[in-house]
Every structure is written in structure tokens, then in C-alpha cells.
Amino acid sequence: MAHFYDNHQSDSNIPLGANKGGPHGLGDPEDRRLRKVEIEVLIPKIMRERAKKEKCTAEVQAFEECCKGSGLFMVSKCQEQNDALKACSMQWYRNDAFKKECTDIYLAERREFRRTGLPKKFRTNDPVPQ
């Protein structure tokens with residue numbers, strides 16, 4: 001028995017081949033739609049990195065200091081510092097304004113990649129134009 005599948009996709013999904021076009025064939029630089037992998041993987045990665053480097057520095061430093069002095073027993077000895085670090089990170093993951101900031105950072109980086117065709121690591125450290 002043959003199955004027929006509907007090719008209709010909702011507006012929230014990016015249709016197949018939508019990442020073509022633009023100056024380098026990488027997609028429209030002004031397109032702000034997000035793919036599932038961007039929402040579930042890439043933006044949370046930026047959130048994790050920013051929370052660790054900018055928002056939870058005291059907790060990260062306390063955990064690192066504990067780990068340095070604990071050796072193999074760090075799992076049990078540093079549980080309190082690890083819990084504090086997780087709590088701080090979760091506070092920022094749940095913050096909608098922080099998530100929007102990180103999404104905007106991701107979209108700006110993606111826009112610049114689509115506009116220039118160069119990955120971030122190959123671009124100069126010029127600020128991203130808005």
C-alpha cells in the first residue's frame with residue numbers, strides 16, 4: 001500500500017532550499033527565521049558561554065578553585081560549588097531578555113556570515129554592522 005505525504009509546511013518551518021540565495025548562496029542575510037538546530041543547539045551554546053564568562057564568574061571561579069585542590073575527589077568535595085554554578089546558569093537560561101540578547105547575537109553573526117561568506121574565525125575583529 002502506498003503512502004502519500006503532504007508537502008505543506010507551516011510558516012514556522014523553513015522550507016527545503018531556503019538557505020540558498022543571498023550574495024554568496026548561503027541564504028538571505030536579512031532572513032531572521034530560525035531552524036530547529038539553531039533554536040535548540042546553537043543559541044543555547046551562546047547562552048552557556050556568555051553565562052559562564054559574563055554572568056556567573058564568581059561561581060565558575062569557586063568551582064575551578066575547588067577542583068584544583070580536590071584531585072580525584074572533586075565530584076564529592078565540590079558538589080556545593082557545582083550546584084551553585086548550575087543554579088546561576090539555570091537562572092540565566094530561564095531569563096527571556098538574556099535569551100533574546102543571545103538570539104540577536106546569533107542572528108547578527110549569521111547575517112555577517114551570509115553577507116561576507118566568511119566564518120567568524122576568518123573575519124577581522126571589526127564590529128558587526130547593525
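Guide: What follows is a set of questions about labels in this predicted model.

Visitor: Why is Ser 70 called buried?

Guide: Buried means under 20% relative accessible area. Ser 70 has 9% relative accessibility, so Ser 70 counts as buried. Ser 70 is found in helix H2 and touches Lys 77 and Cys 78, leaving aside residues up to four places away in sequence.

Visitor: What makes Glu 30 and Arg 111 a salt bridge?

Guide: The cut-off is a side-chain nitrogen of Lys or Arg within 4 Å of a carboxyl oxygen of Asp or Glu. For Glu 30 and Arg 111 the closest N and O atoms are 3.7 Å apart, so the pair is a salt bridge. The pair links distant parts of the chain, with Glu 30 in the segment before H1 and Arg 111 in helix H5, 81 residues apart.

Visitor: Why is Asp 104 called partly exposed?

Guide: Its relative accessibility is 29%, which lies between 20% and 50%, so Asp 104 counts as partly exposed. Asp 104 also meets Lys 100 in a salt bridge, at 3.0 Å from N to O. The two are 4 residues apart in helix H5, so about one helical turn separates them. Arg 32, Lys 100 and Asp 104 are linked in a network of salt bridges.

Technical notes. Residues numbered from 1 in each chain as written. Predicted model: local features only at pLDDT ≥ 70, side-chain atom pairs only at ≥ 80, totals over all residues. Heavy atoms only, no water. Buried < 20%, exposed > 50% of the residue type's maximum accessible area, 1.4 Å probe, protein only. Contact = heavy atoms within 4.5 Å.
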